[in-house]
Amino acid sequence: RKRVAVLLSGRGSNMAALLDAAKDPAYPAEIAAVLSNRPDAGGLDTARAAGIEAVAIDHKLFASRAAHEAAVAAELTRIAPDIVCLAGYMRLLSQDFTDRFRGRMINIHPSLLPLFPGLHTHERVLAAGMRVHGCTVHFVTEVMDEGPIIAQAAIAVLPGDTPDALAARLIRAEHRLYAEALRLVASGRARMSGDRAVLSAPETQSGPGD
Ligand code: GAR
């Protein structure tokens with residue numbers, strides 16, 4: 001199984017969904033460690049409760065963005081993951097960092113990219129009068145929320161939806177999507193080739209009579 005490090009800043013429900021998927025011994029990835037830039041992130045507690053190494057690297061204790069990122073990179077060198085999953089990690093990453101994990105680092109974003117990169121996606125989807133919303137898992141490149149798309153899921157925007165209602169419905173789709181996208185990457189069925197994501201077809205099932 002591929003070793004995964006998860007970077008997060010908050011609640012960690014996507015991380016928990018990956019942990020859950022990895023309980024299946026046939027799942028091609030396992031969560032080796034969870035890192036947070038916020039020591040009070042709920043995701044750290046969830047990871048610890050599941051017996052996963054959980055490390056806080058508080059960005060407020062560093063003199064610069066670069067110094068904090070270097071500490072995160074050093075920790076990742078120690079953990080030596082095959083794949084890095086960003087799951088609500090709310091820090092901008094330098095090109096050095098994204099280059100180092102090119103093709104091995106993925107992110108989940110709460111919109112149908114390339115629509116609505118950045119923050120407050122649910123509010124902006126409603127303000128734009130969209131009738132669909134969704135989430136995207138993509139390979140991370142130097143431009144935030146812009147790397148090659150691995151997988152997406154869409155949900156309907158319903159009459160009377162508020163940002164909170166939309167977020168609550170979307171997060172359930174995020175959990176399913178992230179587990180499926182990590183499966184694709186860990187099994188080698190999704191990979192980066194140049195600036196593109198390449199997906200290969202699932203192995204065809206052979207059955208009786210084949
Ligand atoms: C998720 O909705 C994720 O898509 C979003 O933060 C939330 C984290 O929730 N990520 C971003 O906005 C990244 N730009 P979680 O901590 O419960 O997984």
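Cysteine 135 is buried, at 0% relative accessible area, where buried denotes under 20%, exposed over 50% and partly exposed the range in between (1.4 Å probe, protein chains only). The structure is a predicted model in which local features require pLDDT of at least 70 and side-chain atom pairs pLDDT 80 or more, while totals for chains, interfaces and linings use all residues. Residues are numbered from 1 along each chain as its sequence is written, and side-chain values use heavy atoms, with hydrogens and water left out.

The mean pLDDT of the chain is 96, and 97% of its residues reach 70 or more; pLDDT is the predictor's confidence in each residue, from 0 to 100. The model scores are ipTM 0.99 and pTM 0.96.

**Cysteines.** With a disulfide taken as a pair of cysteine sulfur atoms within 2.5 Å, the count is 0. Cysteine 85 takes part in no disulfide, and the nearest cysteine sulfur, in cysteine 135, lies 14 Å away.

**Salt bridges.** A salt bridge is counted where a side-chain nitrogen of Lys or Arg lies within 4 Å of a carboxyl oxygen of Asp or Glu. The model contains 8 salt bridges by this rule.

| Arginine 1 | Glutamate 30 | 3.8 Å |

Arginine 1 and glutamate 30 form a salt bridge. This pair joins distant parts of the chain, 29 residues apart: arginine 1 stands in the segment before strand 1 (2–8), and glutamate 30 in strand 2 (residues 29–36). Helices (H or I, at least four residues) and strands (E, at least two) are DSSP runs numbered from the N terminus. Arginine 1 is partly exposed at 47% relative accessibility, as is glutamate 30 at 30%.

In the second pair, aspartate 20 is partly exposed at 46%, whereas lysine 23 is exposed at 65%. In the third, arginine 169 is partly exposed at 24%, whereas aspartate 161 is buried at 14%. A network of salt bridges also links Glu53, Glu75 and Arg78.

**Cavity and pocket.** On a 1 Å grid over the protein atoms alone, a cavity is a set of points where a 1.4 Å probe fits but cannot get out; a pocket is an open set with protein on both sides within 12 Å along at least five of seven lines, and lining residues have an atom within 4 Å of a point. Points are joined across faces, edges and corners, and volume is the space filled by probe spheres set on them.

The whole structure holds 1 cavity of 30 Å³ or more.

The largest pocket holds about 1000 Å³. Its lining comprises 37 residues, with Gly88, Tyr89, Met90, Ile108 and Pro110 nearest the centre. By class, these lining residues are 16 nonpolar, 14 polar and 7 charged. Helix 1 (13–21), strand 5 (105–109), helix 5 (121–127) and helix 6 (163–186) each supply at least two residues, and helix 6 gives the most, with 6.

Note on methods. Ala, Val, Leu, Ile, Met, Phe, Trp, Tyr, Cys and Pro count as nonpolar, Asp, Glu, Lys and Arg as charged, and the others, Gly among them, as polar.
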